[in-house]
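Hi,

Here is the structure I promised to pass on to you.

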Amino acid sequence: MHQFSISSRLFSLDLTLSCGQVFRWERDGDWWQGIVGNEVIRIRQEGDLLLIESGCEETTRSYFQLDLDLDRILRSIDRDTVIHGAIGRCRGLRIIRQDPWECLASYICATYANIPGIKKKIRLLSESFGEPLETESGMYYRFPSPEAIASSDLCDIRKCSLGYRSEYLCETARVITAEPGWAERLAALPCGEARKELMALRGVGPKVADCVLLFAFARYEAFPVDVWIARIMQHSYSLPASAGYRRVAGEGRALFGEYAGYAQEYLFCDRQHLTAGGL
């Protein structure tokens with residue numbers, strides 16, 4: 001086991017892993033265990049210390065974006081009493097930097113599904129099509145590559161409880177497989193153009209596209225909108241109930257600027273408090 005120092009004011013492992021960004025982490029007492037690329041990471045936080053039982057510090061720092069200046073980001077979005085309260089209650093939440101393909105495929109699987117259902121789908125996919133990772137604590141599986149999905153029988157993919165999403169995932173995997181440099185090309189595009197490119201893929205609507213931009217490409221101006229964010233924007237920022245996705249996302253970007261995605265995550269993290277009036 002090894003450890004390194006962090007500021008508990010600027011990083012909360014629990015908030016970061018429990019706010020719905022990622023789906024392959026499980027809590028075991030004080031420990032969190034997840035699979036990042038080729039590594040099984042087992043980690044816990046004790047105040048200003050991160051203890052790593054398995055996995056390396058470099059991967060951990062990169063994955064949790066620990067070198068990003070969170071103080072500066074939070075100051076930039078702290079523009080009103082609503083977000084100020086969310087920052088106070090959720091301080092330390094960080095946006096994870098995810099692998100582009102895994103993030104894209106995961107959010108295609110996540111469409112119209114709850115968290116336990118999403119985790120089940122991704123676990124079955126990984127066990128069925130991912131490369132095994134044998135460790136002292138047992139067998140784990142990498143997230144399947146686009147090539148593995150693209151070359152698999154659609155019926156086998158359907159067995160992973162994906163339903164109608166099976167075709168979307170399979171077709172998108174074929175597109176990604178045919179363009180090995182797709183992630184690098186997308187990363188070089190302006191945010192609006194990258195969003196259009198993502199939405200041209202099967203199973204990718206505006207919310208999935210914004211989630212992928214935010215979580216995989218660090219396009220922090222992206223502002224994903226789900227039912228919780230729509231309610232908060234209506235109740236706390238006076239948007240009409242009829243406001244569609246495009247308007248709500250646009251208002252979020254206009255309100256919070258280049259780090260609107262961080263504002264979105266803090267509002268989502270604080271959703272129970274912000275919607276306590278029964279919205």
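At what angle do helix α5 and helix α9 pack, and how far apart are their axes? Before I get to that, please keep in mind that this is a predicted model.

**The helix pair**

Two packed helices are described by the angle between their axes and the distance between the axes. For α5 (residues 100–110) and α9 (residues 165–178), the angle is about 160 degrees and the axes are 9 Å apart. Angles over 145 degrees count as roughly antiparallel, so that is what α5 and α9 are to each other. As for handedness, the crossing of α5 past α9 is right-handed.

If you want to find the contact on screen, pick out Trp101, Leu104, Ala105, Ile108 and Cys109 on the α5 side. They meet Arg165, Tyr168, Leu169, Thr172, Ala173 and Ile176 from α9. Sorted by type, the residues of this contact come out as nine nonpolar, one polar and one charged.

**The sheet**

Next, the strands. Strands of a sheet pair through backbone hydrogen bonds, either parallel or antiparallel. Here you'll see an open sheet of five strands with antiparallel pairing, and the order across it is β1-β5-β4-β3-β2. At the edges sit β1 (2–5) and β2 (25–28), each of which pairs on one side only. Going from one strand to the next, the twist averages 25 degrees.

You can follow one of these pairings in detail: β2 and β3 (residues 31–36) run antiparallel and are joined by four bridges. Look for Asp28, which stands opposite Trp31 in β3.

**Two single residues**

Where is Gln65, and is it buried or exposed? You'll find Gln65 in the loop between α2 (57–63) and α3 (70–77). With a relative accessible area of 15%, Gln65 falls under the 20% cut-off and therefore counts as buried. Leaving aside residues up to four places away in sequence, Gln65 touches Arg94, Ile95, Arg97 and Tyr220.

The other one is Arg123, which belongs to helix α6 (residues 115–129). Its relative accessible area is 40%, so Arg123 is partly exposed. Arg123 and Phe143 are 20 residues apart along the chain, and their C-alpha atoms are separated by 8.6 Å.

That's what I have for now. Over to you!

Cheers

Key
Residues are numbered from 1 along each chain as its sequence is written. This is a predicted model: local features need pLDDT of at least 70, side-chain atom pairs count only at pLDDT 80 or more; totals for chains, interfaces and linings use all residues. Side-chain values use heavy atoms; hydrogens and water are left out. Helices (H or I, at least four residues) and strands (E, at least two) are DSSP runs, numbered from the N terminus. Buried means under 20% relative accessible area, exposed over 50%, partly exposed in between (1.4 Å probe, protein chains only). Contact means heavy atoms within 4.5 Å. Axes are lines fitted to C-alpha atoms, for helices over the stretch in contact, and angles run from 0 to 180 degrees between N-to-C directions. Angles under 35 degrees count as roughly parallel, over 145 as roughly antiparallel, 65 to 115 as roughly perpendicular and the rest as oblique. A crossing is left-handed if the near helix is turned anticlockwise from the far one by less than a right angle, and right-handed if clockwise. Ala, Val, Leu, Ile, Met, Phe, Trp, Tyr, Cys and Pro count as nonpolar, Asp, Glu, Lys and Arg as charged, and the others, Gly among them, as polar. Two strands pair if DSSP finds at least two bridges between them.
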